[in-house]
Amino acid sequence: MAIKITGQYTEPCRISVLCDNESLNANLGKEWGLSMALELPGNDLWLWDCSASDLFLKNADAMNIDVSKAKGLAISHGHWDHTGGMDALMEADFMGPVYAHPDFANKRYSKEDDGSAKDASFHCEYPGTIIVRDDVELEDGLFMITEIPRRDGLFEATKDLFIDQEMTQVDHVNDDAFMLLMSNSGPIVVLGCCHSGLANSLYHMRDLTGINSVHAILGGLHLYSAEKAEYENTAKVIEEFNPKIVSPGHCTGKDGFEFLKKRLSCEVVPMGSGSIYEF
């Protein structure tokens, strides 16, 4: 085990979705993107991704969350829909460090419906970053985990993703990361897009920490472009880790969400701008 878990928070933690593809609050905007705020005991605030534009800042303001007080920002991966608001964040007096895998600013492309190559890269002013090559404890009880091994036969969400404009070399999104929060309720897995695949991510967490059961799984599962067989495979690995709550959002897709809601026995709740979870 590479990560030593020394304890968990004894007071409640709150996770707020600042921006997502859908909105659960009529006063909050939505866009294809993801950003969350993690409010920890002691008034410690961390940001997870910064969506596709400055919309997450507008929503944060409406939710009375002051992002300028965040201790840091962790980046799940370098795609535009998770990093596009970076410039606006820096202009909003955010002074904390940015944690990211070294590949997050690499050039990358996605295949559009018309067959053309779209630049899917991080396109903002390059921030000063703290490079995370495997995992880091951001503070007691909060971890960022990346460099996720891909196991033979397990799903990874790399369809139509490339590292060259000619679209000949697959982008395996090696910078894909997730967060692990040791909450008062138990371990919480916070995802970005989960390009590594949920099974690869959770098995890597288990290898690093020995954790084989979690309280909640939140975030994108990248099922919107996956084969339907992967819905069932995702459900099985969720059951293996026995969460009480699953809240799929962003790139999960409506069909993926509806399948999991019907298939799983645990609580499955929608995610959107304005979602708030307390653990």
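Predicted model: local features only at pLDDT ≥ 70, side-chain atom pairs only at ≥ 80, totals over all residues.
1. The largest pocket has a volume of about 440 Å³. Its lining comprises 18 residues, and those closest to the centre are Ser110, Lys111, Glu112, Leu161 and Tyr224.

2. Two elements, α2 (80-83) and β6 (109-111), each contribute at least two residues to the lining of the largest pocket. By class, that lining consists of 7 charged, 6 nonpolar and 5 polar residues.

3. The second largest pocket has a volume of about 280 Å³. Around it are 16 lining residues, with Glu22, His250, Gly253, Lys254 and Phe257 nearest the centre. Two or more lining residues come from each of β15 (245-249) and α6 (254-263); the largest share, 3 residues, belongs to α6. The lining of the second largest pocket divides into 7 nonpolar, 5 polar and 4 charged residues.

4. Helix α4 spans residues 198-209, 12 residues in total. From its first C-alpha to its last, α4 reaches 16 Å, close to the 16 Å expected at 1.5 Å a residue. Just after the helix, Gly210 adopts a positive phi of about 85 degrees.

5. How much of α4 is buried? The count is 10 of its 12 residues, so the helix is largely enclosed by the rest of the structure. Among the buried residues are Leu198, Leu202, Tyr203, Met205 and Leu208, together with the polar Asn200 and Ser201.

6. The packing partners of these buried α4 residues include the strands β9 (135-139), β10 (142-145), β12 (178-183), β13 (186-191) and β14 (216-220). Helix α5 (229-241) also packs against the buried residues of α4.

Definitions and conventions. Residues numbered from 1 in each chain as written. Heavy atoms only, no water. 1 Å grid on protein atoms, 1.4 Å probe; cavity = no way out; pocket = protein on both sides within 12 Å on 5 of 7 lines; lining within 4 Å. Points joined across faces, edges and corners; volume = space filled by probe spheres on them. Helix = DSSP H or I, 4+ residues; strand = E, 2+ residues; numbered from the N terminus. Expected span 1.5 Å × (residues − 1). Buried < 20%, exposed > 50% of the residue type's maximum accessible area, 1.4 Å probe, protein only. Contact = heavy atoms within 4.5 Å.
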